[in-house]
Amino acid sequence: MKSFFAILYFVLAFVVMANAQPGSGNANGNNMPAIGVLSGKVIDQENNVPVEFASVILYSMRDSSMIGGTITDATGSFLLKDLPMGRFFLDIKFIGYEHLVKQDIKINPKTPTINLGEINLAIVSEEIGEVNIVAERTQVQYKLDKKVINVGQDVTAAGGTAVDVLEKSPAVQTDIDGNVTLRGSSSFTVFIDGKPSVLQGSDALQQIPASEIENIEIITNPSAKYDPDGVAGIINVVLKKNRASGISGIINASIGTNHKYKADALVNFRSKNLNWFVGANWRDYEFLGGGSSLRETYLTGQTNYLNSDGERNMFRGGNGFKSGFDLNITNNQTLSLSAEYGTFDFGRYANSNYTYYTSLDPNKSYYNSLSNFDRGGPHYSVNLNYQINFAKPGHNLQAQINYHNDISDETELTEQYDMDVYGARIPNSLYSLKTDENASENEWRAKIDYVIPFTETRKLEAGYQARLDNSYSEYLYQNYDADLNQWTTNETYSNDMEYKNNIHAVYATYSDQFAGFGIQFGLRGEYADRNFYQITTRESFPLEKFDIFPSLHINRKITESFEAQAGYSKRIDRPNGRFLNPYPNFADEFSVNQGNPMLEPAYTNSYELNFIKRFGNSSLSLETYYRQGSNLMTRIQTVLPDGRLLSTWDNLNKDHAIGSEIMANVVASKAINFMLSGNLYYYSFEGSISDQDVSNNSINFDARFNATLKLKSNTRFQVNGFYSGASVTAQGTREAFIFANIAARQSLFNDKLNLTLSLRDPFGTMKHKFTSLSETFFNETEFSREARVFEFSVSYKINNYNSKKQRENGGENQESDFGDEM
């Protein structure tokens, strides 16, 4: 059955794409042989990045009849074949860019093949009085291999982080604590400018200010070239870079209700052969919230009841400094060096009142529990990159070395007091425990990539990567002795551990085009050598594995405005040291967490079939997917003999998810645009816990809406909303939730100064409710976060070079030089 969906996807893909008729048109009204070939690459002149989906049409200079046409691919490249002999002009257009015409292109028997090289498109702009209006991209651009979220168009994310941007993005969900899941999975890889992040997952995204982000790429089915880690795929955060010459920069600051402060700055200097940047950021945020829970534990002949209610607050802080340069050593060699140093701080504070009683003793006991959790420390990274471009376009070699270091100190203090029925603390009833974990992680990455094109459409990419990860942790468990008025170490639970994970990988991808299809096949082999060493008990838990990760992508341009793609990749989810440590970690007197040193990686086979249709400036996309997971790392909750709830991990289940996501980007007018998306999928898993079958399934739905209104006074209003339907887990359910945000932005002084006022969750609906149960327990938990949060943000551009350059390039360009600018 599990293979049926995979076969169905690729059969459907080939049926749809093979029967689609590509756009035609190479007739010129003469009898000349049609053997000409014309190619080139369209580049964004300001940002030096490829322009995908640009319209490229070839006309005859004799009578202006259309000879042929196409759109550019993800690399900005285009290819026109079977062209007649003659003289032509090439018309290139794309939304938000100046219209460009390449004149007098001659195709004859002596030069039947012409490569125009890089063709630069300038961003369109027009002046209205003192106001400079620059055409904008839509907030979410749907490309066949990824979704691109353009942060500059997200008004409600001003003053926020990457998480605030992603919570409005298709395929992404965020919970009340800012934790991110991608298509329902928290297993994904975070890259920053294509390089691995020092921090991981949601922690990494929480540390990146939205004001520093150019766009975020969501890649749900990466090729074999990329790390296979992360069941759901890759989130790549692309930071802002200024491509204009001279000195430029941007300064941002924001303040919000109930202690929310943030500031960052970025300065850039660019000359012909050197680009240098320096930046800094600082953050101090508090998040207020609350929660309640109801727990029942079923022991032999007795049921225990534990109810709680109270406040649950969080804070996130930190600072960072970064600097680096790109140096053009020669016309075809580039050296890049960058470094970053920062600190992070994350904490939780909870003040909860508990009520405890049993079925045998209805007399209730009352407790007050105070919990303070704090985790923070310094981190730094160094990245060195060298690239050489050979004579043939697209032929290059790139080498990278990355080093990351992360040091953290995690402390948790729990104080519990008995209370009387009126809520007053009973004297001399203090029970207190404290844990302190000091950890450090060092990671080296070395990577080399080689690309060789054989023809305009055929190329081979190959490379090698080494990942050397070593971490160390000291865990100290202490109890408070009220009689001695001092802390005493509990040797039973205190422990030290060391975790090593070395991965060596080789990959190759081959891409070509034939019969109207673009095909890329990839294969990646990885040897992983893992060892978890429990220093306290002198136990070692090694694991060696060799895995193969294939990938396959097929695409077809059916017409100039309609395209389809099918893709497959295999992914892996590896456990970290916390998941492996067998020593118990006490969250409080009633809850215990424990790792499993025998835990193995989980695997996922991911299939996609995607379509995108453009209607002028608007677009409609449909993405269907099937994901099959095996050996899943499953969180298990059981009741200990003393009534405490134990949470641990094991490889137990298989799961399946099949669904479709539809998204409409609509440009209704120059002043109004909106995005609407919906994701409907069926999820099921199979497995058992403690010999109890926990197989379950659910139909899940989530939807997003974003609308923007732009006025001539350079004022912009934006509203967005998100709905997430109910879902199931291995031992319970999660209820549906909904929330919205609104914001307004005013641009002043020719867009140099931007003022933004936002309101998060104005209706106070952001609440999460979970239920888990088995034959031995029932647990229901509800959390709510701070509602109606106002935030005011200020952004100032130094020198505003982009706007200046755009004004100088106003009007239609008939010809663009082949620029040397990177």
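Modeller: Rings of Phe, Tyr and Trp pair if their centres lie within 6.5 Å. In this predicted model, 18 aromatic pairs are found.

Biologist: Why are Tyr-285 and Phe-287 called a tilted pair?

Modeller: Their centres are 5.7 Å apart and their planes make an angle of 50°. Planes under 30 degrees apart count as stacked and over 60 as edge-to-face, so the pair at 50° is tilted.

Biologist: What makes Tyr-285 buried or exposed?

Modeller: Tyr-285 has a relative accessible area of 4%. Buried means under 20%, so Tyr-285 is buried. Phe-287 has 25%, which lies between 20% and 50%, so Phe-287 counts as partly exposed.

Biologist: Why is the label for Phe-674 and Phe-705 tilted?

Modeller: The angle between their planes is 35°, and stacked would need under 30 degrees, edge-to-face over 60, so tilted is what remains. The centres are 6.3 Å apart. Phe-674 lies in strand β38 and Phe-705 in strand β41, so the pair ties together parts that are 31 residues apart in sequence.

Biologist: How do you know that the charged end of Arg-556 sits over the ring of Phe-517?

Modeller: The charged end is 4.8 Å from the ring centre. The distance limit is 6 Å, and the direction must also be within 35 degrees of the ring normal. Arg-785 lies over the face of Phe-739 in turn, at 5.3 Å from the ring centre.

Biologist: What makes β2 and β5 a pair of strands?

Modeller: Two strands pair with at least two bridges, and β2 and β5 have six, so they pair. Their sense is antiparallel.

Note on methods:
Residues numbered from 1 in each chain as written. Predicted model: local features only at pLDDT ≥ 70, side-chain atom pairs only at ≥ 80, totals over all residues. Heavy atoms only, no water. Helix = DSSP H or I, 4+ residues; strand = E, 2+ residues; numbered from the N terminus. Phe/Tyr/Trp six-rings, centres within 6.5 Å; stacked < 30°, edge-to-face > 60°. Buried < 20%, exposed > 50% of the residue type's maximum accessible area, 1.4 Å probe, protein only.
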